[in-house]
Amino acid sequence: MKENYMVTKNPGAVLFVFALPMIIGNLFQQFYNMVDTIIVGRFIGTQALAAVGASYAFTNVFIMIAIGGGIGASVLTSQYLGAEEYGKMRTSVFTALISFLLISVCLALLGFVLNPLLMRLLRTPQDVFSDAVLYLQIYFAGIPFLFMYNVITATFNALGKSYIPLVFLFCSSVLNIILDIWMVVQCRLGVAGAAIATVIAQGLSAVLSFLVLLLILRGYSVSEGEKVKLFDWKMFFIGMKIAIPSIIQQSIVSIGMLLVQSVVNFFGTEAIAGYSAGTRVESICIVPMIAMGNAVSTFTAQNLGAKKPERVKQGLCSSFFIVIGFAVVICAALGIYHDSIMRMFINEHVSGNAFATGNAYLMFIAWFFVFIGFKATTDGVLRGSGDVTVYMVANLVNLGIRVTIANLCAPVFGIQAVWYAIPVGWIVNFLMSYSWYKTGRWSRMGLVEEQVLAEEKKS
């Protein structure tokens, strides 16, 4: 077996090299939805863009649940890999795949049935309601593919092979663009065509990546007498202990967007279209920050598995500098090109109010991306160590701040109050997580499996 570079090489270099394919891969994943928005907005119109935008806050919750579940489940995989317990590592992978396949089917059915009700609760305007519901119903058919792909991607990352998902995402993104243009422009299927294209592309990625994962796992030899199971209940509960807070952490921005969307919907179709375009760009901009947090999580898990907590501290410090670099570049790019970026989504001469809303959002939020980077990387240490209680609370506080300020202030001060709350939530979340990190408790946690066994003995 090759040397595990995660526990031996320079922490800063390891994190950057490991995160880079994840960043590019996550950009492609966000590109799925952004392509829908651009093509729908340019070829169908503002009303259709508002319909997809109203759906996006909802679909993004499921995307983040899938990503969070995969990351949480992969912590076990990373720790077993760091400890060189390959039999348990393979069992943890199979258990996670089966668990989230079943969970995703249940969520798909639930979402398909409830999405009209939820669209009404979000105060979706009547002129875009039917298109938004149609888009979601088709999208939910592909939820199992979405979950499987993200759990498999997280597993590749846990194994230190973050470059593999990049290949699949590149190919499926190209396929998604081709299908989008064909179904929306040529076949004139409207928002339904955009949803069908996304489901087909995601399905192909999930199936092919699963086949490659099986080949990769065969390369990890199991010691004599050690059994590999397809499903292990103990690992399921241990994995859920990490996955649930991870799902909350990954979903917090999206859940906030979903709850805040109802406030935005109050301002009408033009505001929805502009805000939707702005949040699509935001979802691209925060990709490097979220990817760095996920990289730190894997790095932490493997190094704690190898009994090297000092490397984790070095890694977090390095990640802060990397995040600052990304934030400066993103802020400068938005400051220079914000008009051009917004024109990709909206014709300013046709929908002037929508264009102005999206532009104002981008110009404001560009200054604060560094804080979601600090938050994500600090949370990554706590998640990777299994010390998840405080960071889960911090993320819930973040959500509460966004929703409370938006609901109380937007009706009084206008739609701008919706985005003023965002950096406040990020900063408070970071300060809470970092304060807990400084206690050092995470470094004394041990393997997640050991934590559970210790709790069982106490009870």
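Hi everyone, and thanks for coming. Please keep in mind that we are looking at a predicted model.

Let's start with two helices, α4 and α7. Helix α4 covers residues 126-141, and helix α7 covers residues 190-217. Their axes lie 9 Å apart and meet at an angle of about 15°, which means that α4 runs roughly parallel to α7. As for handedness, the crossing of α4 and α7 is right-handed.

Which residues make the contact between α4 and α7? On the α4 side you can find Asp-131, Leu-134, Tyr-135, Ile-138 and Tyr-139. On the α7 side, look for Val-191, Ala-192, Ala-194, Ala-195, Ile-196, Thr-198, Val-199 and Gln-202. Sorted by class, this contact between α4 and α7 has ten nonpolar residues, two polar ones and one charged one.

You will find Ile-244 in helix α8, which spans residues 233-265. Its relative accessibility is 45%, so Ile-244 counts as partly exposed. Along the chain, Ile-244 and Gly-69 are 175 residues apart, yet their C-alpha atoms are separated by 7.0 Å.

On to the salt bridges. How many salt bridges are there? The count comes to four, and I'd like to show you some of them.

One of them joins the side chains of Lys-229 and Asp-232, with 3.3 Å from N to O. Are these two partners buried or exposed? Lys-229 is partly exposed, at a relative accessible area of 43%, while Asp-232 is buried, at 14%.

Another pairs Glu-310 with Lys-313, and here the N to O distance is 3.4 Å. Both residues sit in helix α11, residues 309-343, and because they are three residues apart there, about one helical turn separates Glu-310 from Lys-313. Glu-310 has 47% relative accessibility and so counts as partly exposed. Lys-313 is partly exposed too, with a relative accessible area of 37%.

Last, please turn to helix α13, residues 369-385, where Asp-379 and Lys-375 lie four residues apart, about one turn of the helix. Their side chains meet in a salt bridge at 3.4 Å, N to O. In this case, both Asp-379 and Lys-375 are buried.

That's my tour, and I'm happy to go back to any of these spots with you.

Notes
Residues numbered from 1 in each chain as written. Predicted model: local features only at pLDDT ≥ 70, side-chain atom pairs only at ≥ 80, totals over all residues. Heavy atoms only, no water. Axes fitted to C-alpha atoms, helices over the stretch in contact; angles between N-to-C directions. Parallel < 35°, antiparallel > 145°, perpendicular 65-115°, else oblique. Left-handed = near helix turned anticlockwise from the far one by under 90°. Contact = heavy atoms within 4.5 Å. Nonpolar A, V, L, I, M, F, W, Y, C, P; charged D, E, K, R; others polar. Buried < 20%, exposed > 50% of the residue type's maximum accessible area, 1.4 Å probe, protein only.
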